Amino acid sequence: MSELGLIQLFQFSDSVLPVGGFAFSNGLESAVQTGIVHNADTLKAFTRDALYQAATGDARAIVATCQALQTEDYSSLVIENDRALYHQRLNEEGRLMLVRMGKKLAEMSFAVTEKPLIGWWLEKIKSGEAIGTYPITQSIVMSSLGAAPREVLVAHFYGVAMTILSAALRLMRITHIEIQKILFQLNQEILSFCEEAEKGGVEQMASYAPVKEILASLHVKAFTRLFSN
């Protein structure tokens, strides 16, 4: 990437980007409450599982969308990917996270960049033609800024990891140093996650994570909770 493209990628993949990510733990809250995650090692394993789940699911829709955007007839393809990704998410809170963060990202990035492609997507969301899931919106925003598909994938995986690790600081006894150590170690596997995502298209999205789905269902009716999922 160019220097400008790189700094823009940093900006729109920042963990404190105001798109509502702070309100979601990506399943970690229930995992901590039930004792599945209780120390640095189990947190690392939980985060790695989430990254692999993303690689075989949402990230495949990202690759397909980035490729579709390079064609003239991208509109219908992108909307189809958006709907396929949304309906692939089983739990209610997961779908809520996808839609809220997707719309927020579209609104914020268009207000900041005024890119026509992002404006087109925001209109599709407002009109109801598109659901506006976060990974698809992320693909559109970063592609409009000149990011290649692999670079969009890297930003997405970073966001998945940081959503969980940032939530961990509020949910369990763990230090900032331990969080950074986990992130650094998981980053060593980023190539394998990207390659997994590139193996299949939208029709091959898969998400076999039964424990996480059960935890999500428990979280919906939890008596006390800090996060929206």
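**Note on helix packing and aromatic pairs**

1. Ring pairs join Y74, W120 and W121 into a cluster. Rings of Phe, Tyr and Trp (its six-membered ring) pair if their centres lie within 6.5 Å; planes under 30 degrees apart count as stacked, over 60 as edge-to-face and the rest as tilted. The model is predicted: local features need pLDDT of at least 70 and side-chain atom pairs count only at pLDDT 80 or more, while totals for chains, interfaces and linings use all residues. Residues are numbered from 1 along each chain as its sequence is written, and side-chain values use heavy atoms, with hydrogens and water left out.

2. The structure holds 3 aromatic pairs. In one of them, the ring centres of W120 and W121 are 5.7 Å apart and the planes stand at 40°, so the pair is tilted. Both W120 and W121 are buried (buried means under 20% relative accessible area, exposed over 50%, partly exposed in between, with a 1.4 Å probe and protein chains only).

3. The rings of F157 and F193 have centres 5.8 Å apart and planes at 45°, so this pair is also tilted. The pair links distant parts of the chain, since F157 lies in helix α9 and F193 in helix α11, 36 residues apart. F157 and F193 are both buried. Helices (H or I, at least four residues) and strands (E, at least two) are DSSP runs, numbered from the N terminus.

4. The axes of α9 (residues 149–171) and α10 (residues 176–187) come within 10 Å and cross at roughly 160°. That makes α9 roughly antiparallel to α10. Axes are lines fitted to C-alpha atoms, for helices over the stretch in contact, and angles run from 0 to 180 degrees between N-to-C directions. Angles under 35 degrees count as roughly parallel, over 145 as roughly antiparallel, 65 to 115 as roughly perpendicular and the rest as oblique.

5. In the contact between these helices (heavy atoms within 4.5 Å), Y158, A161, M162, L165, A168 and L169 of α9 meet H176, I179, I182 and L183 of α10.

6. Helix α8 (residues 134–144) and α9 have axes that come within 10 Å and cross at roughly 130°. The two helices are therefore oblique to each other. Here P135, Q138, S139, M142 and S143 in α8 meet V152, A155 and H156 in α9.

7. A209 is found in the loop between α11 (190–197) and α12 (210–220). With 17% relative accessibility, A209 counts as buried. A209 and D49 are 160 residues apart in sequence, yet 8.5 Å apart in space, C-alpha to C-alpha.
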